[in-house]
Every structure is written in C-alpha cells, then in structure tokens.
Amino acid sequence: MPRQMRAVVYERYGPPSGLRLERIPVPTPKPTQVLVEVAATSVNLSDWEGLRGSPAYARFGGLRRPVRRVLGSDIAGRVAAIGDAVTTFRVGDEVYGDNLLLMGGFAEFAVAPESVLALKPAGLSFAEASTIPQAGAIAAQGTAGAAPGVRMLINGAGGGTGTFAIQLAKRAGAHVTGVDNAGKLDYVRSLGADDVIDYRTTDYTRTGPYDLVLDLVAYRSVFAYRRVLNPGGQYWMVGGSARALLRVLTAGTLLGRLSDRRIALLVVRSGPAAFMPVAEGCVAGEIDSHIDRVFSLDEVPAALSHVGEGRALGKVVVEP
Ligand SMILES: NC(=O)c1ccc[n+]([C@@H]2O[C@H](COP(=O)([O-])OP(=O)(O)OC[C@H]3O[C@@H](n4cnc5c(N)ncnc54)[C@H](OP(=O)(O)O)[C@@H]3O)[C@@H](O)[C@H]2O)c1
C-alpha cells in the first residue's frame, strides 16, 4: 500500500464547491524530479482559472476535464526524496518554485522537476517564499522597461503580481499609475503608486498616455490599447479574456507596427533565474511580499474564492 497524503482534488472544471479534500497516494518522483513536503503554496489567479476552466486557454492541460487533479503551482517546502538523476538538491533542502506544468501544491507532498526549484533564502519564511515564483517572475519581466522618466500603468495593480510590479517599477524610477477597484486603491498607493484609478468608474484607456502598460486583466480592444500609448510605447498583456488575447496576437501586432507602438503578449519566462532577483529584493527588505491571508488545506475552496472573486490584497497562502 503506497504512502497516503491529504490533497485537495477536483475532477471537473467548475466552482470551488467541486473541490474535495481526499487521501491519495504520495507521488513518486521520476529521475529528474524532486518530492517536496509542502510547507506553503501561494494562490495565483492561474489556479482559479485552472479550476474554472476559463478563460479558454486555462484548459491547455485538458479540453473537457482537468488532467492535473491537484492545483497549486507556487510551492515552498522541504525536499523529502529525489529522483536518481537529480544533482542540485538533497533530502532536507528548503526549496521553492513555480510548478506550473505539474501543479499539485494544494497537498501535503508535490513532485516538481528540479529545474523549476531554487534553494529558499534563509531570510524568507516558507509562506513568504511561496508568494514569489510566479507573480515575481511576471512582475520582473513586465517592469523590465521601467526607468526614470517612464510613465507606467499597471492594470490589476492590487493583486499578487501588481504588488511586486508596483514596487519594482518604483525602484527603477518610473512614474506609476495603478488601476484596480476602489477598495484596493489605498493599498496600491501604500506600495508606492503615484496615481491610482478605479476601473469601475474610469476607463484607463482614456487616461494617460503612457510609455509602458502592464495589463494583468485585459478585456479591451487593441484600439483602446493603442490610444493609451505614447509613440514608441509598449503594451504588454499578461492575463485576461481569450478574446482579448486573440486580438492582441493578431490585430494588436499589426496595429502596433503601423503606429510605432508595441502591443503584445508577455510570454513569461519562468524558473529560478526569473524569480530569484525578486526574492533577493525581499530578503534585502527592499520589496514587500504582502500576504493578505493564510488558509489551511481544508480551506482551499475559500482561499481560491478569495483570490478569484477579487477580495485579496496582494497574495494568499495555503499551509498544509
Ligand atoms: N502570460 C504568461 O506567460 C502568464 C504566466 C502565468 C500567469 N499569467 C496570468 O497572469 C495573471 C496574473 O494575475 P495575478 O496573479 O496578479 O492576479 P490577482 O492576484 O488576482 O490580481 C488581479 C487584480 O486585478 C483586479 N481586476 C479584476 N478585474 C479587473 C479589471 N477589469 N480591471 C482592472 N483590474 C481588475 C483584481 O481585483 P478585483 O477582481 O477585486 O477587482 C485583482 O486585484 C493571471 O491572469 C494569469 O493567468 C500569465
């Protein structure tokens, strides 16, 4: 009888009520994989999208039903076992990383390729470390063009990625405008945003113009994105509707080229090299990984709703 663990599983795309806490076998690492005893897993909007199977691109792992039964990609914990070919880690090492392909973090144990993991800095708790890999990598890449004199706008600024992005853009010297709902704007200011916009009352594409736009929740037409950019400016879509994604990839590319602007999808490079600089900023006390709430494993449905229904300020963490 294989060793058992507690895990939150789902069989169909749908609401959080479809999640169940079950006992299932502890996974066995393949040669290049590591078995992690999970201490903390942060919730990303991508978990919510994977649960709902919406937007359509969230079904890339299974069109009709999910292939991965356990969600949770941003894991932090201790190495419990390693595959035969693993060279970077030993049993007992404290690690963290974005396990986006295999998921499995809403459980007591998860397997991950060694390539997605890094040693956890001693200066960060497991919960803090779990907030960084996905959101930190997106924020670092999405703010690469921030610099003194650059006017940057971040749409969806009060969430997990926005929290890091505002701080990174301010650290780089940019002027930052943060867009989110009214209830999150004090928080967005507290992270350093110079200006804030409530998306429920103001269409940000009729403000500006800006040199750099990082859009975490894109729903608008490419003409709106063109309008909000200065000549030479860049608009980066990170998440949003499948429709917006199609428009950005097709008409957006063309419109951008014709009008001396760039309208494009930010294809985020994941992996330790992408998120470790953000972790170093957190250890140095220059960046705050704001944890809104910590939930237990049996509260995963509530944790996912808290993020998916837009109540979280910054990051939400599950501790098995
Ligand atoms: N491109 C890639 O390679 C890649 C890789 C990984 C992940 N992703 C995507 O990256 C995104 C990351 O999001 P996250 O984890 O930072 O999400 P998050 O923590 O949920 O933050 C999103 C924020 O946007 C706000 N919001 C919702 N609707 C909005 C609207 N119409 N206008 C402005 N703000 C709005 C939300 O607040 P309220 O809902 O309360 O208003 C929330 O504060 C996800 O969409 C994920 O799928 C992309």
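**Close-up views of a predicted model**

**View 1. Pairing of strands S8 and S11.** Four bridges link strand S8 (residues 151–155) to strand S11 (residues 210–215) in the parallel sense; two strands pair if DSSP finds at least two bridges between them. Helices (H or I, at least four residues) and strands (E, at least two) are DSSP runs, numbered from the N terminus. Leu153 has Val213 as its bridge partner in S11. The model is predicted: local features need pLDDT of at least 70, side-chain atom pairs count only at pLDDT 80 or more, and totals for chains, interfaces and linings use all residues. Residues are numbered from 1 along each chain as its sequence is written, and side-chain values use heavy atoms, with hydrogens and water left out.

View 2. Axes are lines fitted to C-alpha atoms, for helices over the stretch in contact, and angles run from 0 to 180 degrees between N-to-C directions; contact means heavy atoms within 4.5 Å.

**View 3. The crossover from S14 to S15.** Strand S14 (residues 291–296) and strand S15 (residues 315–319) run parallel and are joined by five bridges. Arg293 has Val316 as its bridge partner in S15. From S14 the chain passes through helix H9 (residues 300–308) to S15 in a right-handed β-α-β crossover, meaning that, with the strands pointing away from the viewer, the path from the first strand over the helix to the second runs clockwise.

**View 4. Packing of helices H3 and H8.** Helix H3 (residues 133–142) packs on helix H8 (residues 272–283) at an angle of about 90°, their axes being 8 Å apart. H3 and H8 are therefore roughly perpendicular to each other (65 to 115 degrees). Pro133, Gly136, Ala137 and Ala140 of H3 make the contact with Ala274, Phe275 and Val278 of H8.

View 5. Ala107 sits in the loop between strand S5 (94–98) and strand S6 (109–113). Ala107 counts as buried because its relative accessibility is 0% (buried means under 20% relative accessible area, with a 1.4 Å probe and protein chains only). Beyond its neighbours within four places in sequence, Ala107 is in contact with Met5, Arg6, Ala7, Val38, Val70, Leu297 and Pro320.

Conventions. Buried means under 20% relative accessible area, exposed over 50%, partly exposed in between (1.4 Å probe, protein chains only). Angles under 35 degrees count as roughly parallel, over 145 as roughly antiparallel, 65 to 115 as roughly perpendicular and the rest as oblique.
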